[in-house]
Amino acid sequence: MRAQTIARFSQWTAQFQQRYEMGSGGAPTSAFAYARGLLDEALARVLSGLPPRSRILDAGCGTGHYLRRMRDLGHDVIGVEPAAPMRAAARALAGDVPILDAVISDLPFQDRRFDLVVAIEVLRYLHVSDVRAALGEMMRITRPGGQVFFTVLNRLALNSYYAYYAVRRALTTHAGVRPPVHGEFTTAGAIRQDLLALGATEVAVLPWVIIPFVRPMYRVHPIMGRLTAGIMRPLERLLSAQRWTAHIAGGLIVVARHRGEDTV
């Protein structure tokens with residue numbers, strides 16, 4: 001499954017570059033931009049609390065857009081990306097930022113090295129065993145007092161994506177339908193318990209894309225999508241401030257701090 005995921009991302013390089021170039025400011029031009037705009041706001045809050053020249057790892061850095069953003073804020077950034085075309089795109093975009101060929105479930109770094117470890121839309125594509133290994137690795141290389149920031153799919157999402165995925169998998173088995181891209185789902189409570197068991201504290205599980213009908217409107221027509229996004233984004237932000245909405249959001253943004261004081 002890991003090899004299949006890497007192969008798929010190798011094929012998606014140009015698509016992801018195009019999506020990022022479309023941007024997430026103003027009225028989002030796509031469902032991708034709408035979701036990433038909300039994610040960017042959460043990440044910006046974490047980055048604003050870091051001291052200058054913090055050590056940051058982007059594990060699964062893709063085409064390097066977040067690497068460049070964090071470097072431009074003055075931080076010491078390293079990327080990890082196992083898909084060669086993605087890695088090449090990231091190097092072209094992020095310039096002098098080191099980018100290693102490695103996987104998030106087996107990171108080639110010493111313990112307690114980073115102030116922040118970021119994994120955006122990585123764990124959702126991995127088998128549950130690799131997800132567990134990845135969480136352990138992220139916590140291992142984060143210094144005491146440092147943070148991890150990552151995204152996961154929500155099994156209980158209001159958009160019923162888990163049910164859709166389960167049906168697609170069943171049809172693959174029984175009707176010969178092409179299998180969907182692997183999706184690994186969890187819940188807010190389960191991911192919180194996983195992190196606490198690994199030594200995390202201050203675990204915040206934030207809702208990501210609560211309102212389910214913005215994406216369908218983009219499929220109807222881009223103009224319909226932009227109009228809907230412009231109307232719904234303020235409501236999305238308002239709902240995101242309510243803790244209960246994490247239980248029904250399409251995705252979850254997880255921010256956790258490593259327990260203990262930094263002794264370095």
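1. Aromatic pairs. The model is a predicted one, and the structure holds 10 aromatic pairs. In one of them, the ring centres of Phe109 and Phe114 are 5.1 Å apart with the planes at 90°, so this pair is edge-to-face. Phe109 counts as buried because its relative accessibility is 7%, and Phe114 is likewise buried, at 1% relative accessibility.

2. A tilted pair. The rings of Tyr165 and Phe185 have centres 5.5 Å apart and planes at 50°, so the pair is classed as tilted. This pair links distant parts of the chain, given that Tyr165 belongs to helix α7 (residues 161–175) and Phe185 to strand β6 (residues 185–186), 20 residues apart. Tyr165 is buried at 8% relative accessibility, and Phe185 is buried with a relative accessible area of 7%.

3. Ring cluster and charges over rings. Which residues do ring pairs link into a cluster? They are Trp12, Phe16, Tyr20, Phe32, Tyr66 and Tyr125. Arg19 lies over the face of Phe16, 5.5 Å from the ring centre, and Arg155 lies over the face of Tyr162, at 5.7 Å from the ring centre.

4. A search of the whole structure finds 12 salt bridges. One of them joins the side chains of Arg69 and Asp40, at 3.1 Å from N to O. Arg69 lies in helix α4 (residues 65–72) and Asp40 in helix α3 (residues 31–48), so the pair ties together parts that are 29 residues apart in sequence. Arg69 is partly exposed, with a relative accessible area of 33%, whereas Asp40 counts as buried at 14% relative accessibility.

5. Strand β2 and its contacts. Strand β2 (residues 76–80) is mostly covered, with four of its five residues buried. Strand β1 (residues 55–59) pairs with β2 in the parallel sense over five bridges, and Val80 in β2 is the bridge partner of Ala59. The side chains of Asp76 and Arg53 meet in a salt bridge, at 2.7 Å from N to O. Asp76 lies in strand β2 and Arg53 in the loop between α3 and β1, so this pair ties together parts that are 23 residues apart in sequence. Asp76 is partly exposed, with a relative accessible area of 31%, while Arg53 is exposed, with a relative accessible area of 56%.

6. Arg55, Asp115 and Arg143 are linked in a network of salt bridges.

7. Nonpolar surface patch. Val220, Ile223, Met224 and Leu227 make a nonpolar surface patch of about 370 Å². Helix α10 (residues 222–240) gives the most to this patch, with three residues, while Val220 is found in helix α9 (residues 214–220). Why does Val220 count as exposed? Val220 counts as exposed because its relative accessibility is 55%, and the cut-off for exposed is over 50%.

Key. Residues numbered from 1 in each chain as written. Predicted model: local features only at pLDDT ≥ 70, side-chain atom pairs only at ≥ 80, totals over all residues. Heavy atoms only, no water. Patch = residues over 30% accessible without salt bridge, like charges linked within 9 Å, V, L, I, M, F, W, Y side chains within 5 Å. Areas by Shrake-Rupley, 256 points an atom, 1.4 Å probe, with all protein chains shown as cover. Salt bridge = Lys/Arg side-chain N within 4 Å of Asp/Glu carboxyl O. Helix = DSSP H or I, 4+ residues; strand = E, 2+ residues; numbered from the N terminus. Buried < 20%, exposed > 50% of the residue type's maximum accessible area, 1.4 Å probe, protein only. Phe/Tyr/Trp six-rings, centres within 6.5 Å; stacked < 30°, edge-to-face > 60°. Lys NZ or Arg CZ within 6 Å of the ring centre and 35° of its normal. Pairing = 2+ DSSP bridges.
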